Amino acid sequence: MVRELSHFVDGELRAGTSGEFSDVFNPSTGEIAARVPLASHSEVAAAISTAEEAQHEWGALNPQRRARVLMRFLRLIERDIDELAEMLSREHGKTLADSKGDVQRGVEVIEFALGAPHLLKGEYSTNAGSDGIDVYSMRQPLGVVAGITPFNFPAMIPLWKMGPALAAGNAFILKPSERDPSVPLHLAQLLTEAGLPDGVLQVLNGDKRAVDAILTDKRVQAVGFVGSTPIARYIYETAAANGKRAQCFGGAKNHMIVMPDADLDQAADALVGAGYGSAGERCMAISVAVPVGKATADALAAKLTERVKQLRVGDTHDERADYGPLITRDAVDRVTHYIEAGVEEGASLLVDGRGLTVEGFEEGFYLGPSLFDYVTTDMSVYRDEVFGPVLFIARAATYEEALRLPSEHDYGNGVSIFTRDGDTARDFAARVNVGMVGVNVPIPVPIAYHTFGGWKESGFGDLNQHGPDSFRFYTKTKTVTSRWPSGIKEGASFVIPTMQ
Ligand code: NAD
């Protein structure tokens with residue numbers, strides 16, 4: 001019997017009633033691990049009603065008390081970390097150590113959200129305009145808000161969304177990825193155990209139908225989305241057409257520039273970790289290495305080839321594995337198709353990862369690491385997000401040419417430069433047309449108290465994830481102009497007040 005998952009509504013796990021399900025796989029073995037219910041329109045609407053009711057009291061609660069719930073939540077995550085990592089690896093396929101990292105990067109945003117009392121403070125001007133007038137602003141929750149999240153970080157991204165939204169006093173509807181829903185369900189149970197009132201967090205599993213029910217419901221005020229670019233664009237447009245605030249983060253094609261003065265061993269190690277970690281299924285994975293000059297390119301290609309050939313692929317419990325399986329058989333086929341396309345388009349395949357099987361796990365969704373050289377901007381493997389364990393070397397003759405590659409690419413999530421020259425690094429950081437920049441750092445994911453967000457096709461809408469922006473996104477500003485006059489008896493003024 002395959003395990004049947006549920007939704008989490010009004011403080012408890014609740015079976016789906018639509019009669020429709022989606023299979024959840026264990027990518028390490030290729031077996032079906034569970035089946036998840038797909039919420040119907042009416043199930044979503046009912047959950048929104050419950051959330052709307054629960055939000056009034058939660059939103060009115062002192063923010064320090066709300067933060068205390070999150071504080072207890074952190075302790076419970078710490079208590080259950082092994083169970084969470086095991087659950088995450090079983091449905092996603094990443095190694096156990098990497099799953100703990102997934103949870104930890106989410107935890108850091110909850111830690112940041114503990115500062116809600118401070119983050120919700122407004123501005124105050126005394127004697128504004130004329131004597132006796134004070135102007136102050138306050139940040140208030142929006143009401144019911146939502147998050148729609150991808151498969152590749154089933155702990156981190158739901159936590160990035162729900163932490164600030166809940167701390168700000170909203171009720172939150174989470175629609176996690178239907179591929180790995182167990183961790184978000186467990187997190188919801190922990191929040192209830194930590195004291196979150198019933199109905200304030202609702203987890204609805206589902207597909208496009210559930211998403212559309214959220215997008216078209218007038219009671220949902222804001223939608224935070226993370227996933228692929230075509231869906232990000234769709235969510236942005238549909239949410240906006242329905243009068244909602246939207247922040248939608250999409251796909252990526254992250255470049256790493258390697259200057260001739262860089263330490264090439266350091267750069268090669270960084271590229272291998274950032275390119276193949278989590279099977280390349282990270283939005284901040286490095287996909288394109290850009291060595292500058294022929295000598296740098298030849299040396300880097302040799303170092304990468306040597307390292308990539310030694311990578312170990314294994315199941316999630318293999319402690320020596322560098323990475324595990326991909327999320328689905330379809331994902332393996334899609335990436336394999338891109339490797340074929342790269343060969344056909346004329347790139348040079350230095351390491352071919354196709355056809356790998358892992359002993360004892362022959363039905364798992366594995367793909368060995370591949371490495372291409374001489375990739376050019378007209379190739380589909382350069383333009384498209386491949387999202388798998390493949391690294392592409394696109395050689396540049398000069399620094400200016402290297403700078404142009406990520407700047408002119410449709411995606412603009414992350415980029416990095418490896419150099420020993422501070423002047424080059426500063427120039428690069430200032431001029432590159434990409435949202436997040438690393439200097440001698442391969443995966444420039446900003447820390448929780450800064451903000452995370454890509455540009456161009458990697459991000460639609462305003463305001464980034466986590467950091468102060470996350471509180472701005474999930475709150476609205478009210479500005480109060482007040483006067484406690486002594487001279488009201490003087491009568492009304494009919495001339496517009498000015499600063500003259
Ligand atoms: P996806 O776009 O397929 O799914 C994301 C979410 O959208 C899921 O909850 C899914 O159920 C829902 N969805 C899927 N199709 C839909 C449709 N037609 N209508 C409405 N909703 C739909 O993405 P994924 O495969 O789960 O995740 C991988 C993608 O996410 C990659 O492109 C990756 O780069 C991107 N990603 C981006 C960031 C970032 O911050 N920019 C972070 C992580 C992942």
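Residues are numbered from 1 along each chain as its sequence is written. Because the model is predicted, local features need pLDDT of at least 70 and side-chain atom pairs count only at pLDDT 80 or more, while totals for chains, interfaces and linings use all residues.

The chain contains 16 helices and 23 strands; these are DSSP runs numbered from the N terminus, with helices (H or I) of at least four residues and strands (E) of at least two. The radius of gyration is 25 Å, close to the 23 Å given by the globule rule for 500 residues, so the chain is as compact as a globular protein of that length. This radius is taken over C-alpha atoms, and the globule rule is 2.2 Å times the number of residues to the power 0.38. Along the principal axes, the C-alpha atoms fill a box of roughly 85 × 65 × 40 Å. Buried residues make up 52% of the 500 residues (buried: 20 or more other C-beta atoms within 10 Å of a residue's own; exposed: 12 or fewer; partly exposed: in between; C-beta atoms are placed from the backbone).

An automatic or database domain assignment divides the chain into domain 1 (3–250 + 458–479) and domain 2 (254–439). Their C-alpha centres lie 31 Å apart. The contact between them takes 17 residues from domain 1 and 22 residues from domain 2, where contact requires C-beta atoms, placed from the backbone, within 7 Å. On the side of domain 1 that touches domain 2, helix H3 (81–92) and helix H4 (96–113) each supply at least two residues. That side divides into four nonpolar, 10 polar and three charged residues; Ala, Val, Leu, Ile, Met, Phe, Trp, Tyr, Cys and Pro count as nonpolar, Asp, Glu, Lys and Arg as charged, and the others, Gly among them, as polar.

Of the 27 residues around the ligand, Pro150, Gly227, Ser228, Gly251 and Cys283 come nearest, a residue being near if its C-beta atom, placed from the backbone, lies within 6 Å. The shell has 12 nonpolar, 10 polar and five charged residues. Helix H8 (208–216) and helix H9 (229–241) each supply at least two of its residues.

Helix H8 also has a buried side. Its residues Ala210, Val211, Ala213, Ile214 and Leu215 are buried, and the buried residues of H8 pack against helix H1 (41–60), strand S8 (144–148), strand S9 (171–175), strand S11 (220–226) and H9. Ile214 is among the residues with the most contacts inside the largest nonpolar core, which has 78 residues. Such a core is a set of buried Ala, Val, Leu, Ile, Met, Phe, Trp, Tyr and Cys residues joined through C-beta atoms within 7 Å. Apart from this core lies another, of 66 residues, including Phe361, Phe365, Leu371 and Val432. Leaving aside neighbours within four places in sequence, Ile214 is in contact with Val44, Ala146, Ile173, Lys175, Val220 and Val223.

Some individual residues remain. Most residues other than glycine have a negative phi. Asp10, in the loop between strand S2 (7–9) and strand S3 (12–14), has a positive phi of about 55°. Lys456, in strand S21 (residues 455–456), likewise has a positive phi of about 55°. Gln500 lies in the segment after strand S23 (475–483) and counts as exposed because it has 3 C-beta neighbours inside 10 Å.

Notes
Two residues are in contact if their C-beta atoms, placed from the backbone, lie within 7 Å.
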